[in-house]
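Open the model in your viewer and keep the selection tool at hand.

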Amino acid sequence: MIRFFNTLSGSLEEFRPLKEGEVRLYTCGPTVYDYPHIGNYRAYIFEDLLKRFLLLAGFKVIHVMNITDVDDKTIKGAARQGVSLQEYTAKYISAFFEDLKVLRIMPADIYPRATEHIPDMVRMVRGLLDRGYAYYKDGSVYFSIQKFPAYGRLAKIDLEELKAGARVDSDEYEKESVHDFALWKKAKEGEPFWETELGSGRPGWHIECSAMSTRYLGPSIDIHCGGIDNIFPHHENEIAQSEAYYGQKFVNYWLHCHHLVVEGEKMSKSRGNFYTLRDLLERGVDPVDLRFFLLSTHYRKMLNFTFDSLEQAKASRQRILDFVYELEHRTFAAGSASEVQSLAEKMLSNFREALADDLNISAALAALFEFIREINSRLSREQVKQDDSVAILRALAELDRVLAILPEKREDALSPELMEKIEQRQKARKEKNFALADALREELSQRGIILEDTKEGVRWKRIK
Ligand code: AMP
Ligand code: ZN
C-alpha cells in the first residue's frame, strides 16, 4: 500500500490514482524573474523523488510543470531593465533547464508557459463570470470567494471573519488578508497586456495553473505539489477557480514540502544567506551532493541548510560511492555465498516500503546504510562471491532509479578474459610464482588495467 499525507484532509491517505496504473501529476514551476534559489530546488527535488518513486512502483506518470513568465515580479524585472517580458524571462528559463540537468531532476512531460495559454485562461474567466463566481470591478475581474463555500478548506481558513467584497490585486498575499482575488487585471500604463474578450489586460497569477493543468491533464488530477508557501493563496485559489468552473473535484492529493531555511533563518538577499545553485557551484559544491542533501530529509520537515550539514551529506554519499567502487573493482571468487543475495532483495524491499510510507526517506536510507555495513563486513571476511557482487550492484542500480546519486558514466565491467588474467595472477602470487605474477601484471598494464593489492584483496582500475 502507498500512502501520502494529503494537505487537504490533513491526514495520511492511501494513494489510489483515478486511472489504474497512471498518475497525473502537476507541480507548480518557477516564476522566471531570477535564478531559482536552493529552497526552490528543495521543492523540485522533493517532487522528483515522488515521481521517481511512482515510476519505480510501476506507475506511468504524466507530469506537467508550468513556467510563470508573466506576473507582478517578472513585469517589474523587465521594466527595471527596460527589456521586453520575453527577453527578460528567456534567460531565466534556460538557466532553470540547465539547473534541472545538473541536479538530475527528471524532466516533466510538458512545461507550459503562461504567456502561451492566455486564450485558455480567458475562456475560464469568461465561464466564471457567466456562472456568477466572478465580477468586474474597474475593468479587472475578481473571483468572489463568498460564492464558493469550500473556500479556505485547503489552508484551513475560517471564512466567517471575512469582509464581503474586499479585494486584493497582488499575486501573492498573506493569510491575514483573505480577499476576492484578481483573475484578470486591467492593463496598466507601461505593462504588457493582451487584447481579449475580457478587455485589454493580463491574467492574475493563479488562473494559469487551473487553466494549464486542465488543458494537459483534464479537470480532475491525482497529485498537485508545491512548497508550503503555495498552499495559500495560490493553491486555495486554484481549487476555487477549477471547481467553480468544472463542478468536479480538481485534485485528489495535495502534497506540500516544508521550507528550506539557511542557518536557521529564512533566505533573503538582505541577510546575505541567499544561495542560488550557481552560487554553490562557484564555491565548488558538487550538485549531486546538494541533490543528496536536499532529498535526504523528509519532505514535511523543515530543512536547515548549513555548509556543515552539506558536508555531512557529501560524506554519506561518499560511503555509498566507495561501496559501489569496491564492488566494481574487486575480483571475486566464482559462485555465490549463502544469504548475500537475499540481503540485497530484503534491502530493496525495505527501501521501497519506506518510500511507500509517505516518502519516508530516512527509513529508506537507513535500510541502505545497514546493508552497506553488513556487506562490508562480509567483504572483509571474503564472504562475497562473483554472482553476489553482480546482484548487489543490480540492487543498487535499481535504488538509484530513485536517488540518482551514483556516477552516471561508470566504467565498463572487465571482460571475462581480463578477469581471468587477474585471477591467474592472484593464484601465481599465492603459489609464490612471482615471475608469472609480474608478467601478468605487466600484460594487464599494457592493456590499460592497473592492479592495486589491498588488505581486502586485489582491485583494478583503468588507466585514464
Ligand atoms: P516560485 O518560483 O516562488 O513560484 O517557487 C517555486 C517553488 O519553490 C514553489 O513550489 C515554492 O513553494 C517553492 N519554494 C519557494 N521557496 C522555498 C523554500 N525556501 N523552501 C522550499 N520550497 C520553496
Ligand atoms: Zn501553480
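Contact here means heavy atoms within 4.5 Å. Keep in mind that this is a predicted model.

**Stop one: a serine.** Select Ser-309. Leaving aside neighbours within four places in sequence, Ser-309 is in contact with Phe-293 and Asn-304. Show those side chains too. Ser-309 itself belongs to helix α9, residues 307-329. Is Ser-309 buried or exposed? Its relative accessibility is 17%, so Ser-309 counts as buried; the cut-off is under 20%.

**Stop two: a helix pair.** Select helix α2 (residues 72-81) and helix α3 (residues 85-102). Their axes come within 9 Å and cross at roughly 110 degrees. Next, show side chains where the helices meet. From α2, pick Thr-74, Ile-75, Gly-77, Ala-78 and Gln-81; from α3, pick Leu-85, Tyr-88 and Thr-89. By class, this contact has four nonpolar, four polar and no charged residues.

**Stop three: the metal.** Select the zinc ion (ligand 2). Which atoms coordinate the zinc ion? They are SG of Cys-28, SG of Cys-209 and NE2 of His-234, at 2.0 to 2.2 Å. Along the chain, the donors follow the spacing C-x180-C-x24-H. Trace the two cysteines back. Cys-28 sits in the loop between β3 (22-27) and α1 (38-56), and Cys-209 in helix α5 (residues 206-217), so the pair ties together parts 181 residues apart in sequence. Cys-28 and Cys-209 are both buried.

Terms used. Residues are numbered from 1 along each chain as its sequence is written. Chains are lettered from A and ligands numbered from 1 in the order in which they are written. This is a predicted model: local features need pLDDT of at least 70, side-chain atom pairs count only at pLDDT 80 or more; totals for chains, interfaces and linings use all residues. Side-chain values use heavy atoms; hydrogens and water are left out. Helices (H or I, at least four residues) and strands (E, at least two) are DSSP runs, numbered from the N terminus. Buried means under 20% relative accessible area, exposed over 50%, partly exposed in between (1.4 Å probe, protein chains only). Axes are lines fitted to C-alpha atoms, for helices over the stretch in contact, and angles run from 0 to 180 degrees between N-to-C directions. Ala, Val, Leu, Ile, Met, Phe, Trp, Tyr, Cys and Pro count as nonpolar, Asp, Glu, Lys and Arg as charged, and the others, Gly among them, as polar. Donors are N, O and S atoms within 2.8 Å of the metal (3.2 Å for Na, K and Ca); water is not among the atoms, so sites may look incomplete.
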